[in-house]
Amino acid sequence: MKKILHDRFGRKIEYLRLSVTDRCDMKCDYCRIDSFKDYSEKESWLNFDEIERIVRAFVELGVGHVRLTGGEPLLRKNIDHLAQRLSSIDQLTDLSLSTNCSRIESMADRLYRSGVQRLNVSLDTLNPDTFYQITKSDLSSVLTGLQAAKKVGFDPIRINTVVMRGVNDTEIEQILDYCSENSFTLRLIETMPMGQAGQDSTRRYIDLQEIKKSLQKKYNLIPIVLPGGGPARYYHIADSDIKIGFITPLSQHFCDTCNRIRLTVDGILHTCLGQEHEYPLRDIIRHGVSDKELKQHIMQAIALKPEKHEFKENPTISVRSMTRTGG
Ligand code: SAM
């Protein structure tokens, strides 16, 4: 019988976001400040054996979905080998990847064959200058990467766009058209006050209810539920194939249905994106615990999962940056 992992608020925990590096080849200004130095030592990173062991323990406890993330996960050497190992774990029903897509072109085929089924891709703008302004990187490699990913068959491909006032808020319809032309699903995200960079971005925060209202003037948005949709509230645009999701951690938080936990590259388990709670799984496995004891530790950590983040009530609490936690 399939196990179910519950926290003390009765939420089913079934989704692990696994960071495989905290390094990134982009410097998104809402994610990481220029002088960011809070990287982990590479010696402290979990190796593939350790990752597989921890993932197996989670899966045996009832987690069915693992997402590889970072930093930029495609910077981790032999990431396709790791994906292959994880995708062959029985009862892991869904292995997905979050990437900026800048490096996927040369490895899209290998990754696809290793068992990664779905992609979420960050893309905040289609304007090369604005893209450079946000990321200090080049847009063309991302667009080429997206076409390569589409060609090998990743499906669905979801585009994650962080909406920022005065930066890309007037571009949403254009990004929606691009997604529609390519059969990608667009998901708009509110900026979160995570780390110094996220804190600095609160001045550009937009309540996505505002964007939704303005889209509703042009489109008939019909609410839908998508499998594996995560925290997004989805809409289908009437008389089209277009789907759009809104991820609103501030204006309409979704903590009461939160089913996820995050493991950093150095093996720290975070049970809430917006709180400092942590549980050091790496130290535990390196001290030689049995698999049974490891699962007991995981259950202990889940029991401490906070009820909610406080991004809105208490936006000046600056938790870790996304690149450190695993976005
Ligand atoms: N490199 C991968 C990518 O680009 O998807 C995975 C890691 S990235 C940190 C994951 C997601 O976090 C991206 O969609 C990024 O836009 C988002 N993100 C980072 N900092 C954020 C913030 N302060 N507020 C909202 N989203 C943020």
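Tutor: A residue is near a molecule if one of its heavy atoms lies within 4 Å of it. The model is a predicted one, in which local features need pLDDT of at least 70, side-chain atom pairs count only at pLDDT 80 or more, and totals for chains, interfaces and linings use all residues. Residues are numbered from 1 along each chain as its sequence is written, and side-chain values use heavy atoms, with hydrogens and water left out.

Student: Which residues that surround the ligand are the closest?

Tutor: There are 18 residues around the ligand, and the closest are Tyr 30, Gly 71, Glu 72, Ser 122 and Met 192.

Student: How much of the ligand's accessible area does the protein cover?

Tutor: By the Shrake-Rupley method with a 1.4 Å probe, the protein covers 94% of the 550 Å² that the ligand has on its own.

Student: Which residues of helix 2 are called buried?

Tutor: Buried means under 20% relative accessible area (1.4 Å probe, protein chains only). In helix 2 (residues 79-87), these are Ile 79, Asp 80, Leu 82, Ala 83 and Leu 86.

Student: Why are they said to lie on the same side of helix 2?

Tutor: Because they cover an arc of only 155° around the axis, taken from the directions from the helix axis to the C-beta atoms.

Terms used: Buried means under 20% relative accessible area, exposed over 50%, partly exposed in between (1.4 Å probe, protein chains only). Helices (H or I, at least four residues) and strands (E, at least two) are DSSP runs, numbered from the N terminus.
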